[in-house]
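Hi,

Here is the structure I promised to pass on. Please open it and keep it beside you while you read my notes below.

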Amino acid sequence: MSNTVFERTHLNLRIVFRIAIDKIFHNSGFSGNKICQQYKLSQQTGVRILRVVRELMGLSQSKDLFKGEVEIDEVAIPTGTKGLGRHIKKKRGFGSDAITPFLGLLERGTLRCRMFMLTDRDEETLLSTIMENVELGTTIYTDEWRGYSNLKSLGYNHFVVNHSKHEYSKGNITTNRIEGFFGHIKPNIKGTYRQITEPYSSLYAHEHCFRYTNCGLSVEEKFDKLLNSLPPLFERDRQLLSNEEAA
């Protein structure tokens, strides 16, 4: 299947899609070790299949610009210090070498969310990411971080909730939804995977965004979304996949 995540691989598609259904069904995640035990795969193959499933979850997300009312915040995802040497900063928060910063966008009403890995939290980085993914004129809710201070001058309706003053909600002005979404990610990573590494952290972000955005859909509807992220398949292949799903 050229131009897809399956290009130049020898993975068995039936096993891949069975694992995808298992992955969708288990809301708390599904570790590589459990995959290997259940399907009698090598660890390398099990990890590769889970990587493919997470890539499909990312591809299935709508790339339309966010609009309406959007909550925006950053989160520090723990990715460990493997390969960083001895001289590292282990303090808490964004100043640590053991975390990877992400920017999260959540569209109220649809609950559509996406996460973007950041190199830093500077104003230029944050605003460029927002402008690429949020429609001008959108109402944006953030905290008081200075990186968001010029959103209004760029053409957005910007409202701030000041966490440093213990202010978490002013009527409709709040970032509680995006923070609630972040509140599911860290415990899930720690409880299911123990630790992830920075090169693959975006794939785990894809997985959690897929789960949150599609939380109201059935397993079958979520699986259809994964299939629809692929180029059109031959009708025979579609029928085979449908039979696998039914089984």
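E207 and K23 are both buried. They form a salt bridge, with the closest N and O atoms 3.3 Å apart. E207 lies in helix α6 (residues 201–213) and K23 in helix α1 (residues 13–25), so this pair ties together parts that are 184 residues apart in sequence. Bear in mind that the model is predicted.

The pair does not stand alone. K23, R54, E207 and R211 are linked in a network of salt bridges. R54 also has an aromatic contact: its charged end sits over the ring of Y204, 4.1 Å from the ring centre.

Next, E71 and R177. Their salt bridge has its closest N and O atoms 3.1 Å apart. E71 is in strand β1 (residues 69–78) and R177 is in helix α5 (residues 176–193), so the bridge ties together parts 106 residues apart in sequence. E71 counts as buried because its relative accessibility is 0%. R177 is partly exposed, at 38% relative accessible area.

E107 is buried at 8% relative accessibility. R112 is buried too, at 12%.

Across the whole structure, the search finds 8 salt bridges.

Now the rings. The whole-structure search gives 4 aromatic pairs. Ring pairs join F181, F182 and Y212 into a cluster. There is also a charge over a ring at Y141: the charged end of R108 sits there, 4.0 Å from the ring centre.

Best wishes

Notes:
Residues numbered from 1 in each chain as written. Predicted model: local features only at pLDDT ≥ 70, side-chain atom pairs only at ≥ 80, totals over all residues. Heavy atoms only, no water. Phe/Tyr/Trp six-rings, centres within 6.5 Å; stacked < 30°, edge-to-face > 60°. Lys NZ or Arg CZ within 6 Å of the ring centre and 35° of its normal. Salt bridge = Lys/Arg side-chain N within 4 Å of Asp/Glu carboxyl O. Helix = DSSP H or I, 4+ residues; strand = E, 2+ residues; numbered from the N terminus. Buried < 20%, exposed > 50% of the residue type's maximum accessible area, 1.4 Å probe, protein only.
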